[in-house]
Amino acid sequence: MNVITSFQRQLNVLDYALASLYRRRMKNLGIFTVFSTVIFLFSSFQLMTRGLTETAAEILQDAPDITVQQMSAGRQTSLDLSVISGLQDLFGVTSIMPRIWGYYFDESNGANYTVIGLNLQEPQHDLLPPLASGRFPTGGNTGDVVLSESVRTSLNLGGRQSFSLFRPDLTLMSFVTSGIFDSATALVTADMMLISLADARSLFALAESQVTDLMVSVANPREIDTIAAKISEQIPGSRVITRNQIMKTYSVVFSWRSGFGGICLLSSLVAFVILAYDKASGLSKEDLKEVGILKILGWQTSDVMAIRFWESGVVSIFALIFGYSLAWLHIVWWHGVLFQPLLLGWSVLRPQIDVVPSFAVQDLLLIFSVSVLPYLCATVVPAWHSAMVRPDTVV
């Protein structure tokens, strides 16, 4: 019976608190608007980071198990193909695919294109990004290239399929578009040109025995780190990168950029908490008179504090729901347009991707902890001061 009575009492207090919020609707609407905006901004950062991290993890599932590069004086240099014979003897290595990876700067628009050359006479499609249309270069046709839509737009190709790039000696090399990358992989293919290994050697003027790195496939995923260590020992001065390390790098980059933006938003949150404290502590004569009347009618100090708690709770919860929902719309429908430059970079060929983050309870708890809890704490002291008002001083 006591539980039912206590529950009914809280419902009555809540009903009075809602009526009090309505009486001060303009003041509370301003607080709700500012609070929702702060939650929206912080939630957008969290959802965008989670969505980009999950997208990168999904795309990088097709990345090579191990990537081997040669280093000299702290910089990457060419790798001689003669090392492949020694790596093929390692137990657990199923295939080794040489690759030429370089950058081509387009002076006409300031864009940097990532040019990748592979031996595609027998293409390993499990290591290649999917295509929206066309085919991969087979190596039989010189000049075949696979592009992204971003690169096509940057080159101003329009309806044309052919274009030319300069070699180091300033002679022109012609290319014909044979395929277009799927837009779902734009996070890693937005600036990419995929050509044959022979064309890449010709474009960058590399010797026949030189490549930039090797893509190594391993039969047992549990042995990737072990084989990577053996490769590092076998090739002095090499840099051996596993797929997990690449995934962690993407995650760290997105988290760092999101954290930087979150720190910038903390100033807004602190300013809002100060505003909430000021609004809650600045009691008008009508507020003090209301408390005095309530106490004359038999309301206790705890009851008055309960009213203030319910008022703050209702405003903060609805602001959380509204701001968090608006953040989802911003990310899913408007592609996180406000924060894409910060999280994806300011390059000329910034990837255009559709980010759909998964719902995570920990994200919601984090947003609740850094927004709702400080607001509730900021209103505790003013609520206690208002509840301690003596009736005979205001009535």
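1. Start with D363. This residue has a relative accessibility of 7%, so D363 counts as buried. Buried means under 20% relative accessible area, exposed means over 50%, and partly exposed lies in between, with a 1.4 Å probe and protein chains only.

2. A word on the model. It is predicted: local features need pLDDT of at least 70, side-chain atom pairs count only at pLDDT 80 or more, and totals for chains, interfaces and linings use all residues. Residues are numbered from 1 along each chain as its sequence is written, and side-chain values use heavy atoms, with hydrogens and water left out.

3. Now the partner of D363. D363 forms a salt bridge with R50, and the closest N and O atoms are 2.5 Å apart. The pair links distant parts of the chain: D363 sits in helix α12 (residues 361-387) and R50 in helix α2, 313 residues apart. A salt bridge here is a side-chain nitrogen of Lys or Arg within 4 Å of a carboxyl oxygen of Asp or Glu. Helices (H or I, at least four residues) and strands (E, at least two) are DSSP runs, numbered from the N terminus. R50 has a relative accessible area of 23%, so R50 is partly exposed.

4. How many salt bridges does a search of the whole structure find? The search finds four. Another of them joins D65 to R243, with the closest N and O atoms 3.2 Å apart. D65 lies in the loop between α2 and β1, and R243 in helix α8 (residues 243-281), so the pair ties together parts that are 178 residues apart in sequence. Both ends are covered. D65 counts as buried because its relative accessibility is 10%. R243 counts as buried because its relative accessibility is 18%.

5. A polar atom of its side chain lies 2.8 Å from the backbone nitrogen of V218. Leaving out residues up to four places away in sequence, D65 touches V216, S217, V218, I224, I241, T242 and R243. Touching means a contact, with heavy atoms within 4.5 Å.

6. R99 and D213 also form a salt bridge, the closest N and O atoms being 3.0 Å apart. R99 is in strand β4 (residues 93-106) and D213 in strand β12 (residues 213-218), so the pair ties together parts that are 114 residues apart in sequence. R99 counts as buried because its relative accessibility is 8%. D213 is buried, because its relative accessible area is 1%.

7. Look next at strand β8 (residues 162-166).

8. β8 has a neighbour. Five bridges join β8 to strand β9 (residues 172-181), and the two run antiparallel. Two strands pair if DSSP finds at least two bridges between them. S164 stands opposite S174 in β9. β8 and β9 form a hairpin with five residues between them, and L170 in the turn has a positive phi of about 70 degrees.

9. T171 belongs to the loop between β8 and β9. T171 counts as partly exposed because its relative accessibility is 33%. Its side chain makes a polar contact with the side chain of D169 at 2.6 Å. A polar contact is a pair of N or O atoms within 3.5 Å; within protein, one must be able to donate a hydrogen and the other to accept it, and residues adjacent in sequence count only if both atoms are side-chain atoms. T171 also touches L165 and F166, not counting residues up to four places away in sequence.

10. Strand β10 (residues 192-196) is mostly covered: five of its five residues are buried. β10 pairs with strand β5 (residues 111-118) in the parallel sense over five bridges, and T114 stands opposite M192. Three bridges join β10 to strand β7 (residues 144-147), running antiparallel. Here L147 has M193 as its bridge partner.

11. Finally, the whole chain. Its secondary structure comes to 12 helices and 13 strands. Of its 395 residues, 45% count as buried. Among contacts with a separation of 6 or more, residues 24 or more positions apart account for 79%.
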